[in-house]
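Please read it with the structure open.

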Amino acid sequence: MVALLACLASGAALADSLSVEGAHVRAVPPVSTTTAAFMRLHNSGEADRELVAASTPAARVAELHNHVDVDGVMQMRQVETIPVPAGEGAQLAPGGYHLMLIDLVEPLHEGDEVALSLTFDDGQTLELQAPVRRIETMGHGQADEPAAGMSHSGH
């Protein structure tokens with residue numbers, strides 16, 4: 001019984017160690033069938049974590065992606081995991097790690113809320129609502145997210 005309580009207590013502490021801030025989904029034209037989700041993942045725990053999967057009822061497929069430099073050309077690539085280091089976190093932002101939402105079920109409009117489910121390597125799942133926002137591109141106003149603070153550790 002004591003062992004069971006110890007396991008439950010450690011699980012509760014672990015569950016509190018991961019959090020999400022600033023989640024949002026990029027608004028796209030109604031004819032677009034893909035979009036991206038961005039956010040900041042925080043890991044206040046003592047163990048490194050990895051985001052291993054995402055899902056949403058708004059799209060038939062949700063994939064983890066990153067932009068990588070291939071011979072001087074930036075290319076978007078699907079990745080198996082997104083590292084979320086202990087005591088730090090991971091920035092999911094344009095030009096870096098992000099979630100691709102592919103084959104949208106219906107058009108998303110600015111102001112809509114998108115349910116997202118994030119699954120981590122320890123089996124923990126975070127459920128959240130991300131607003132759909134119009135994103136300005138560089139040169140046409142302000143950027144969606146600052147490039148500073150984007151982590152590309154391990155790449």
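1. Basis. The model is predicted, so local features are given only at pLDDT of at least 70 and side-chain atom pairs only at pLDDT 80 or more, while totals for chains, interfaces and linings use all residues. Residues are numbered from 1 along each chain as its sequence is written, and side-chain values use heavy atoms, with hydrogens and water left out.

2. Confidence. Mean pLDDT (the predictor's confidence in each residue, from 0 to 100) is 83 for the chain, with 77% of residues at 70 or more. Residues 1-14 fall below 50 and have 3 contacts (heavy atoms within 4.5 Å) beyond near neighbours in sequence. Residues 138-155 also stay under 50, with 29 contacts beyond four places in sequence. Where pLDDT is low, the predicted coordinates should not be read in detail.

3. Strand pairing. Strands are DSSP runs of E, at least two residues, numbered from the N terminus; two of them pair if DSSP finds at least two bridges between them. Strand β2 (residues 34-43) runs antiparallel to β1 (residues 18-26), with 6 bridges, and antiparallel to β7, with 4 bridges. V25 faces A37 in β2, and L41 stands opposite A90 in β7. β1 also pairs with β10 (residues 125-133), here in parallel through 2 bridges, with R26 opposite R133.

4. Salt bridges. There are 3 in the structure (a side-chain nitrogen of Lys or Arg within 4 Å of a carboxyl oxygen of Asp or Glu). R49 meets D121 at 2.9 Å, N to O. R49 lies in strand β3 and D121 in the loop between β9 and β10, so the pair ties together parts 72 residues apart in sequence. R49 is buried at 13% relative accessible area, whereas D121 is partly exposed at 36%. D122 also forms a salt bridge with R49, at 3.8 Å.

5. Remaining pair. D103 and R60 meet at 3.5 Å, N to O. D103 is in strand β8 and R60 in strand β4, so this bridge links parts 43 residues apart in sequence.

Conventions:
Buried < 20%, exposed > 50% of the residue type's maximum accessible area, 1.4 Å probe, protein only.
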